[in-house]
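Hi everyone, thanks for making time this morning. I'd like to walk you through one structure, starting with the overall layout and ending at a single residue. Have a look at it first, and then we'll go through it together.

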Amino acid sequence: MKNNLWIGLFLAGVVVLSPLTALPKVGGGDLEFKPKGAGAVLFKHEQHVTNKGFKCADCHYKTFQQGGTSYKMDMSALTKGAFCGKCHEGKLAFDVKTRKAAPLS
């Protein structure tokens, strides 16, 4: 009887605490993009969400899909203001074309 009580309490604790261990990193963590015509780019969700204050809906589903699948990305699209180039245009963030920093505001 005592063993059943302890087993029940243990299982209840596992059920209650298990969702906490499965919490994703901010915005799903880091992603690596490999656009055609450019080197690999490491995208850090935490930098964009926590540090810059963007909301998920600022980029998903307009600019990027969620869940790691996105539209075909290539450097020519970025330099025309698509994907990362939507913000990385030299005013809001560094320019994908020149890699020059955005002016401080």
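Let's start by reading along the sequence: the protein chain runs α-β-β-α-α-α. That gives us 4 helices and 2 strands. Please keep in mind as we go that this is a predicted model.

Now for the chain as a whole. How much of it is buried? Of the 105 residues in the protein chain, buried ones make up 19%. The accessible surface of the protein chain is about 8,400 Å², and carbon and sulfur atoms account for 62% of that. As for contacts, if we take those in the protein chain with a separation of 6 or more, 16% are between residues 24 or more positions apart.

Next, the inside. Which residues form the largest nonpolar core? There are 10 of them: F33, F43, F64, M73, M75, A77, L78, F83, C84 and V96. The largest share of this core comes from α4, with 3 residues.

Finally, let me point you to H88. You'll find H88 in the segment after α4, the helix that spans 75–79. Is H88 buried or exposed? Its relative accessibility is 15%, and the cut-off for buried is under 20%, so H88 counts as buried. And what does H88 touch? Leaving aside residues up to four places away in sequence, H88 touches H48, A93, F94, D95 and V96. You've met one of those already: V96 is also part of the largest nonpolar core.

That's my tour, so over to you for discussion!

Conventions: Residues numbered from 1 in each chain as written. Predicted model: local features only at pLDDT ≥ 70, side-chain atom pairs only at ≥ 80, totals over all residues. Heavy atoms only, no water. Buried < 20%, exposed > 50% of the residue type's maximum accessible area, 1.4 Å probe, protein only. Contact = heavy atoms within 4.5 Å. Areas by Shrake-Rupley, 256 points an atom, 1.4 Å probe, with all protein chains shown as cover. Core = buried A, V, L, I, M, F, W, Y, C linked by side-chain atoms within 4.5 Å.
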